[in-house]
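Here are a few friendly notes to read alongside the structure. Please keep it open and find each residue as you go.

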Amino acid sequence: MRQKISLIVQPGDSFFPIVRAIDRAERSINLTVFRMDDPIIQQALLEARQRGVRIRVLISSSARGWEEKNRKLLKDAKETGIATKEPAGDSKRARYHYKVMTVDDEEALVFTFNPTRENLHYTRDFGIAVYNPAIATEINRLFDADWNDLPLAVKAGEQCVFNHLLDSI
């Protein structure tokens with residue numbers, strides 16, 4: 001049985017927690033990318049798509065020094081049937097920098113690192129994997145807002161979208 005929250009520590013855990021989550025996907029994956037060049041993660045996404053998993057990836061167009069690599073990532077992903085978008089509000093002035101992945105509306109991974117070969121193998125960084133459908137749903141609300149170029153709707157009086165969920169962990 002999986003724990004509700006798992007810490008992902010880099011270097012060390014490498015791509016394994018991300019690939020395991022992708023491999024568990026049966027219905028859907030939503031992923032935000034600021035920088036990503038790890039071929040093992042990219043292959044896992046391709047294999048998930050081939051098994052019929054619906055994959056949507058938001059890829060930043062303003063990652064300094066990565067504009068060309070991210071354009072290629074967008075092109076390659078589209079060619080394999082993965083739905084991709086650049087966040088409409090992404091620019092050098094206002095960057096989309098968050099890195100999350102949700103799987104089947106049940107699991108959410110939140111990273112402070114980029115899934116690049118350098119970050120996964122040589123940089124001290126961390127992320128968390130949360131096995132909680134309510135949290136995955138809330139992260140998907142943010143993802144859907146950015147996918148559809150809409151503001152995130154926050155309920156009146158709510159300071160943080162996730163505040164009411166933290167007590168359930």
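1. A charge sits over a ring if NZ of Lys or CZ of Arg is within 6 Å of the ring centre and within 35 degrees of the ring normal. With that in mind, look at Arg-56: this residue lies over the face of Trp-147, at 5.2 Å from the ring centre. Do remember that you are looking at a predicted model.

2. Next, the aromatic rings. How many aromatic pairs does a search of the whole structure find? There are 3. One of them joins Phe-15 and Phe-16, with 4.6 Å from centre to centre and 40 degrees between the planes, a tilted arrangement. Phe-15 is buried at 12% relative accessible area, whereas Phe-16 is partly exposed at 44%.

3. Now try Phe-111 and Phe-113. Their ring centres are 4.9 Å apart and their planes meet at 40 degrees, so this pair is tilted. Why tilted? Planes under 30 degrees apart count as stacked and over 60 as edge-to-face, so the rest are called tilted. Phe-111 is buried, with 6% relative accessibility, and Phe-113 is buried too, with 0%.

4. Finally, have a look at Lys-99, which belongs to strand β5, residues 99-103.

Notes: Residues are numbered from 1 along each chain as its sequence is written. This is a predicted model: local features need pLDDT of at least 70, side-chain atom pairs count only at pLDDT 80 or more; totals for chains, interfaces and linings use all residues. Side-chain values use heavy atoms; hydrogens and water are left out. Rings of Phe, Tyr and Trp (its six-membered ring) pair if their centres lie within 6.5 Å; planes under 30 degrees apart count as stacked, over 60 as edge-to-face and the rest as tilted. Buried means under 20% relative accessible area, exposed over 50%, partly exposed in between (1.4 Å probe, protein chains only). Helices (H or I, at least four residues) and strands (E, at least two) are DSSP runs, numbered from the N terminus.
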